[in-house]
Amino acid sequence: MTVLIIGASGFLGAELVRQANAAGRATAATFNSRPGDAASATWHPLDLRDALRLNAVLDAVAPSTVINASSGDADWAVTADGPLRLAVAAASRGIRLVHVSSDAIFSGTDVHYDETALPDPVTPYGAAKAVGETAVRLLHPTAVIARTSLIIGDGGSTHERLVHELAAGTRQGALFTDDVRCPVHVTDLAGALWELAVSDAAGVYHRAGSDPVSRYALGALVARRDGLDPALLPAGRRADSRLLGALDVRLDSRATSGVAPAARRPARTRPGHKRKTAEEHSPVSPVGQTGDTTEY
């Protein structure tokens with residue numbers, strides 16, 4: 001079984017490669033700007049906007065499975081059109097596909113979203129992700145779409161670094177107290193994706209953390225974990241800002257929890273632990289920028 005990980009130089013992709021190496025899986029990996037550090041994978045440059053290059057990589061690697069962990073932000077050509085190209089190319093070659101999507105496809109109007117919920121995005125990024133996963137579902141019926149939430153780690157994620165910058169005063173902004181998500185540790189998410197990749201599963205699966213927490217509360221948890229004073233973190237309300245974005249989005253995974261049931265550690269702190277996993281103290285992610293001030 002040879003697996004191709006698209007976006008392998010990113011935060012999630014690097015963890016997928018690490019777990020593949022630990023399991024002895026033959027792995028190929030793609031990068032856009034620079035290859036990752038893992039020598040265990042064969043690295044291939046790839047821009048998902050380039051259909052010819054995508055086909056060339058698939059033919060060279062001849063994978064049995066592709067995991068798309070790429071992130072093109074709100075770039076429509078990458079985030080929306082890229083999965084479409086990938087779905088067509090993978091389906092025509094009989095390649096299994098696991099596509100990572102996001103809770104950004106939801107508006108937050110319903111708060112709780114299970115796997116049957118239809119996308120109703122309110123941001124350009126959410127719209128692009130919604131189109132990308134819809135294309136995969138239509139063009140590759142046996143593919144897996146794995147929706148997730150804020151991805152954090154043991155100090156290496158963008159979210160955690162931003163909490164440190166805000167506490168240090170090197171970044172202006174505020175952590176939203178009314179913006180709730182279900183953060184997931186990158187190790188847990190990668191493990192769940194591998195379980196889905198080697199299973200016969202198809203369709204939509206939610207793979208987020210089990211504990212809904214506000215972005216401000218997550219920042220405070222990270223700060224305490226890392227020996228910072230949570231009082232240094234500025235608080236705000238998304239509802240009072242001009243930034244687009246959902247307020248409260250909670251991915252309900254009960255319907256598919258029996259398939260590839262990877263561990264989902266809660267975000268809340270457990271007393272008595274000096275240094276916990278990052279998902280137990282997960283931080284927040286950037287959601288927009290106004291002038292020189294970024295709010296979270």
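Contact here means heavy atoms within 4.5 Å. Where pLDDT is low, the predicted coordinates should not be read in detail.

The ground rules come next. This is a predicted model, where local features need pLDDT of at least 70 and side-chain atom pairs count only at pLDDT 80 or more, while totals for chains, interfaces and linings use all residues. Residues are numbered from 1 along each chain as its sequence is written, and side-chain values use heavy atoms, with hydrogens and water left out.

Now the whole chain. Its mean pLDDT is 87, and 88% of its residues reach 70 or more. The chain has eight helices and 17 strands. Helices (H or I, at least four residues) and strands (E, at least two) are DSSP runs, numbered from the N terminus. Of the 296 residues, 52% count as buried. Buried means under 20% relative accessible area, exposed means over 50%, and partly exposed is in between (1.4 Å probe, protein chains only). Take contacts between residues at least 6 apart in sequence: 76% of them join residues at least 24 apart.

On to the cores. A nonpolar core is a set of buried Ala, Val, Leu, Ile, Met, Phe, Trp, Tyr and Cys residues joined through side-chain atoms within 4.5 Å. The largest has 26 residues. Which of them touch the most other members? They are Ile5, Leu12, Leu16, Ile67, Leu193 and Trp194. At least two core residues come from each of strand 1 (2-6), helix 1 (11-23), strand 5 (96-102), strand 7 (144-148) and helix 7 (186-197). Helix 7 gives the most, with seven residues. Look at Trp194. Not counting residues up to four places away in sequence, Trp194 touches Val3, Ile5, Leu16, Gln19, Ala20, Arg25 and Ile67. There is also a second, separate core of 20 residues, including Ile6, Leu48, Val61 and Ile95.

Next, a charged residue. Glu133 sits in helix 5 (residues 124-139). Is Glu133 buried or exposed? Buried, because its relative accessible area is 0%. Its side chain makes a polar contact with the side chain of Arg147, at 2.6 Å. A polar contact is a pair of N or O atoms within 3.5 Å; within protein, one must be able to donate a hydrogen and the other to accept it, and residues adjacent in sequence count only if both atoms are side-chain atoms. Beyond four places in sequence, Glu133 is in contact with residues including His99, Ile105 and Ile145.

Then helix 6 (residues 158-168). Its buried residues are His159, Glu160, Leu162, Val163, Leu166 and Ala167. Why are they on the same side of helix 6? Because they cover an arc of only 160 degrees around the axis. That arc is taken from the directions from the helix axis to the C-beta atoms. These buried residues pack against strand 8 (151-152), strand 9 (175-176) and helix 8 (215-225). Just after helix 6, Gly169 takes a positive phi of about 80 degrees.

Most residues other than glycine have a negative phi. Ala62 is not a glycine, yet has a positive phi of about 50 degrees. Ala62 lies in the loop between helix 2 (51-61) and strand 4 (65-68). Ala62 is exposed, with a relative accessible area of 53%.

Note on methods. pLDDT is the predictor's confidence in each residue, from 0 to 100.
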